[in-house]
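Here is a short briefing on one protein chain. Look first at the sequence and the fold, then read the points by topic.

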Amino acid sequence: MKKKLWFADPQDHDYPAAKDYLELLYPVKIAEELVKQLQQQPTIEKKAKDILRASGLPLLPKDNIHVKQNIAKVKAGGKLSPVLLVRDTRLVVADGYHRLCSIYYLSEDLTIPCRLAGRD
């Protein structure tokens, strides 16, 4: 099932979106370095429930417009972009929060391809 759900790599527009978000949490230079790391990391897979739990973020409601659109897209055979994550004190979902929640509603045990950068 996961082959049908996901693109092999994040889409080009995911990185600027991640940078915009990360600049709210970190100085610009650190945000830029994290995005560079994300671009260079291999894609790995983690379960939706584990990503959500490690991030500490709440599950968005199923009727959230973006969650709803992503669920419909997957059910229609469309693909989603891997999620971009940063390991810090808590896992930061730099891009893909709505995609994460959408997949969780389909099954919390589904694996999600993701790129993971770290603050080492």
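Buried here means under 20% relative accessible area, and exposed means over 50%. The model is predicted. With that cut-off, Asp-14, Tyr-15, Ala-18 and Leu-22 count as buried in helix H2.

**Helix H2**

- The buried residues of H2 fall within an arc of 85 degrees seen down the helix axis, so they line one face.
- An α-helix has 3.6 residues a turn, so residues three or four places apart point the same way.
- Asp-20 and Leu-24 are exposed, on the face of H2 turned away from its buried side.
- H2 covers residues 14–25, which is 12 residues.
- At 1.5 Å a residue H2 should span 16 Å, and its end C-alpha atoms lie 17 Å apart, which agrees.

**Nonpolar cores**

- The largest nonpolar core holds 22 residues.
- Ile-51, Leu-85, Leu-100, Ile-103 and Ile-112 have the most contacts inside this core.
- Helices H4 (48–55), H5 (65–75) and H6 each supply at least two of its residues, as do strands E2, E3 and E4.
- H6 gives the largest share of this core, with four residues.
- A second, separate core has 13 residues, among them Ala-31, Val-35, Val-86 and Ala-94.

**Around Ile-103**

- Which residues does Ile-103 contact, leaving aside its neighbours within four places in sequence?
- Ile-103 is in contact with Leu-5, Trp-6, Ala-48, Val-74, Leu-80, Glu-108, Leu-110 and Ile-112.
- Ile-112, one of these partners, is also listed with Ile-103 among the core residues with the most contacts.

**The E2–E3 hairpin**

- E2 and E3 form a hairpin, with three residues between them.
- The two strands run antiparallel and are joined by four bridges.
- Val-86 has Val-92 in E3 as its bridge partner. Val-86 is also included in the second core.
- E3 is mostly covered, with five of its five residues buried.

**Asn-70**

- Asn-70 sits in helix H5.
- Is Asn-70 buried or exposed?
- Asn-70 has a relative accessible area of 14%. The cut-off for buried is under 20%, so Asn-70 is buried.
- Beyond its neighbours within four places in sequence, Asn-70 is in contact with Leu-80, His-98, Arg-99 and Ser-102.
- Leu-80 is a contact of Asn-70 and also of Ile-103.

Methods:
Residues numbered from 1 in each chain as written. Predicted model: local features only at pLDDT ≥ 70, side-chain atom pairs only at ≥ 80, totals over all residues. Heavy atoms only, no water. Expected span 1.5 Å × (residues − 1). Buried < 20%, exposed > 50% of the residue type's maximum accessible area, 1.4 Å probe, protein only. Arc of directions from axis to C-beta. Core = buried A, V, L, I, M, F, W, Y, C linked by side-chain atoms within 4.5 Å. Contact = heavy atoms within 4.5 Å. Pairing = 2+ DSSP bridges.
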